[in-house]
Amino acid sequence: MSKLTKQEIVDSVPQKGFFGHPKGLFTLFFTEFWERFSYYGMRAILVFYMYYEVTKGGLGLSQPLALSIMSIYGSLVYMSGIIGGWLADRIFGTSKAVFYGGILIMLGHIALAIPGSLTLFFVSMILIVLGTGLLKPNVSSLVGDIYAEKDNRRDSGFSIFYMGINMGGFLAPLIVGEVGMKHNFHLGFGIAAVGMFLGLVLFVVTKKKNLGLAGVQPANPLKPEEKKKVYTRLGIGTLLLIVLVSVLIPLGWLTFESFILIVGILGFLIPTAYFIVMYRSPDTKDEERSRIIAYIPLFLAAVMFWAIAEQGSTILALYADTRTNLNIFGIRISPAFFQSFNPLFIIMLAPVFAWLWVKLGNRQPSIPRKFSLGLLFAGLSFIVILVPGYFGGTNALVNPLWLVLSIFILVLGELCLSPVGLSATTKLAPEAFSAQTMSLWFLSNAAAQALNAQIVKLYSVETEMLYFGIIGGAAIVLSIVLFAVSPIISRFMKGVH
């Protein structure tokens, strides 16, 4: 089969059938719903599983180490998207990448569900990291593929898709968190595995009818003469990595601390290399190079935003567990309960933002200014959470409404930045690097969590106000700078509003 054009792909997808959007959005909406249910369900209890004592069913790690591992885990999950994006672009297309990724994620949750040792925990990490790298960026790329280039429904479609993500994220902590925290961690992880299985079944059953030719072919397939060379390098690289790890661990050179540092460095080196490769590639047109330049400040803004947002599963999870009054009307709630508020607020507000962008049309803020608003709200969310400590001291338990308010303010920022960032990535991506550019977008999250792995060590009850104040203040300053230079960035975007 000759390479499909963008228009042929769009024409193969039924363009009506899901709230006025292409029918394929239904398949992608619910596939991502179940994948996020499984991921956020696991994430809601994972940090507690790591630092709770063995007698309480946990692994008994120290709190600082558990927080750092949690951040590095999140970083690797998003960093692996570069592998998934490359495989989709060059070898088997986005549709197969989503399917294979779902299988690996399900197996990872099954490994967590088996009562065992630290070894099984790390096996599950590897499976979920690789699986999410295959599924996460490629399911988002598929959303972009089902719309024509100038279809005004695209931003609205991504907002609806984003609502599906958060419906799964809302239910997961309530169900998995309740079971995992109050009954058995492994049973909670088992429920997450079932969620991914349901997502796989739905994707397989509906993809042919709803997605048409979207994701069937790789965007930039390997030439026959390239295949042997690439496969040989991949095999040798994998073998060398296994040998290296096998030697360094017994020697004591590869420890938790050194691994966290290595991932932290890679979190910034890899996206830098990606920008250079895409910019210098002969497959990238001059207009696309200008758009890559425009994408760099957006990427850096996203790193700052996610550095705050992703602390919901680390610092704010610890804050909920140790600093918040969990007894409400005589009932003790689970600390995992608070991780449902972020997706709940997004479910409530995503339709409002989707309607707002469509209503404003060409009068809506530019992409860089939406990003600056996102940063502003993220910074304010950290300023808010230091207030109860300032007035009431850090020894007293905090009213849970302060935590809820902080999450609400963050969500306002997330809806200005995250779905807009997904959409902007599909618009600004060079054609030859479509799936890989989506992987680059998720690398902003990887870089943020790699940074967090170092930062979270600085948090304690004694440093609480300084910690939230410095990070929140930095985000606010960056948002002002980004707003000021937005017209310059827009010019480099070459017609993309």
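How do the residues of the lining of the second largest cavity divide into nonpolar, polar and charged? I looked this up and got eight nonpolar, one polar and one charged. For these classes I count Ala, Val, Leu, Ile, Met, Phe, Trp, Tyr, Cys and Pro as nonpolar, Asp, Glu, Lys and Arg as charged, and the others, Gly among them, as polar.

**Ground rules**

I am working on a predicted model, where local features need pLDDT of at least 70, side-chain atom pairs count only at pLDDT 80 or more, and totals for chains, interfaces and linings use all residues. I number residues from 1 along each chain as its sequence is written, and side-chain values use heavy atoms, with hydrogens and water left out. Helices (H or I, at least four residues) and strands (E, at least two) are DSSP runs, numbered from the N terminus.

**Cavities**

I searched the whole structure and found four cavities of 30 Å³ or more. The search runs on a 1 Å grid over the protein atoms alone; a cavity is a set of points where a 1.4 Å probe fits but cannot get out, a pocket is an open set with protein on both sides within 12 Å along at least five of seven lines, and lining residues have an atom within 4 Å of a point. Grid points are joined across faces, edges and corners, and a volume is the space filled by probe spheres set on the points.

I took the second largest cavity next. It holds about 40 Å³ of space. Its lining is Phe275, Met278, Arg291, Ile292, Tyr295, Leu428, Ala429, Pro430, Thr437 and Leu440. Helix H9 (256-280), H10 and H15 each give two or more residues to that lining. H10 gives the most, with three residues.

Then I went to the largest cavity. Its volume is about 570 Å³. I find 35 residues in its lining, and Tyr40, Arg43, Glu310, Asn342 and Glu414 lie nearest its centre. Helices that each supply at least two lining residues include H2 (24-51), H6 (154-182), H11 (315-322) and H12 (341-360). H14 gives the most to this lining, with seven residues. By class I get 20 nonpolar, ten polar and five charged.

**Largest pocket**

I read about 2100 Å³ of space in the largest pocket. It is lined by 46 residues, and Leu76, Ile83, Leu130, Leu241 and Leu266 are the closest to its centre. The elements giving two or more residues are H3 (63-79), H4 (81-113), H5 (118-145), H8 (224-251) and H9. H8 has the largest share, twelve residues. The lining has 34 nonpolar, seven polar and five charged residues.

**Helix pairs**

For pairs, axes are lines fitted to C-alpha atoms, for helices over the stretch in contact, and angles run from 0 to 180 degrees between N-to-C directions. Angles under 35 degrees count as roughly parallel, over 145 as roughly antiparallel, 65 to 115 as roughly perpendicular and the rest as oblique. A crossing is left-handed if the near helix is turned anticlockwise from the far one by less than a right angle, and right-handed if clockwise. Contact means heavy atoms within 4.5 Å.

I started with H10 (residues 286-309) and H13 (residues 367-392), whose axes come within 9 Å and cross at roughly 25°. H10 is therefore roughly parallel to H13. The crossing of H10 past H13 is left-handed. Residues in contact include Leu298, Met304 and Phe305 of H10, and Phe371, Leu375 and Phe382 of H13.

H4 and H7 (residues 185-211) came next: their axes come within 8 Å and cross at roughly 160°. So H4 is roughly antiparallel to H7. Their crossing is left-handed. Among the residues that meet are Phe99, Met106 and His109 in H4, and Phe189, Met196 and Lys207 in H7. The contact has 16 nonpolar, five polar and one charged residues.

I finished with H13 and H16 (residues 464-492), whose axes come within 8 Å and cross at roughly 165°. The two are therefore roughly antiparallel to each other. H13 passes H16 in a left-handed crossing. I noted 21 nonpolar, nine polar and two charged residues in the contact of H13 with H16.
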